[in-house]
Amino acid sequence: MTQTLLTLAEVEALAREAHAAQTDKAGRPYAEHLQAVAEGVRERGGDDEQIAAAWLHDAVEDDALSTDWLREAALTRRTKDIVLALTKREGEPPESYARRIRTTSGALLVKASDLAHNADPARLAVLDEHTRARLTKKYATMRALLGLPPS
């Protein structure tokens, strides 16, 4: 039996609902970050599978949705693979995480959009100096591990 895939609008609605109670480090609704990443993927020429993954890129890692949900979800295998590639694993070295992203079709573009939004100077400006410096270094390190140019 063929399963009808979720539309991008349905994926967006699911992601917004799953992260509804979550805020980012600046106290903003987390869905704003998801939307920015999805829009960044679209602007970078990403396809619908990558845009869907952008909406869901933190869902499993943040326990907003389970791996069981993802496994059964009406999404393409590629979208699921991208989400899983972007899901950090406890205790995983950054080098392993970056390697998985680089070797998963479509994941690097989604992560590049995620990093671009995370490292947005306007977004970082509202954080305290220590947090801003720590995150700036973290994002620069990940960009280097992924082979992306400095932001």
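In this predicted model, the largest nonpolar core holds 38 residues, of which Trp55, Leu56, Val110 and Leu146 touch the most other members. A nonpolar core is a set of buried Ala, Val, Leu, Ile, Met, Phe, Trp, Tyr and Cys residues joined through side-chain atoms within 4.5 Å; buried means under 20% relative accessible area with a 1.4 Å probe, protein chains only.

Helix 3 provides the largest share of the core, six residues. Seven of the nine residues of helix 3 are buried, among them Gln50, Trp55 and Leu56. Their cover includes helix 1, helix 2, helix 4 (67–72), helix 5 and helix 7. Beyond its neighbours within four places in sequence, Leu56 is in contact (heavy atoms within 4.5 Å) with Val11, Ala15, Leu65, Trp69, Leu75 and Val83. At the start of helix 3, the backbone nitrogen of Glu49 lies within 3.1 Å of a side-chain oxygen of Asp47.

Helix 9 also contributes six residues to the lining of the largest pocket, the most of any contributor. That lining comprises 13 nonpolar, six polar and 12 charged residues.

Residues are numbered from 1 along each chain as its sequence is written. Local features need pLDDT of at least 70, side-chain atom pairs count only at pLDDT 80 or more, and totals for chains, interfaces and linings use all residues, while side-chain values use heavy atoms, leaving out hydrogens and water.

Conventions:
Buried < 20%, exposed > 50% of the residue type's maximum accessible area, 1.4 Å probe, protein only. Helix = DSSP H or I, 4+ residues; strand = E, 2+ residues; numbered from the N terminus. Polar contact = N/O pair within 3.5 Å; in protein donor to acceptor, adjacent residues only side chain to side chain. Nonpolar A, V, L, I, M, F, W, Y, C, P; charged D, E, K, R; others polar.
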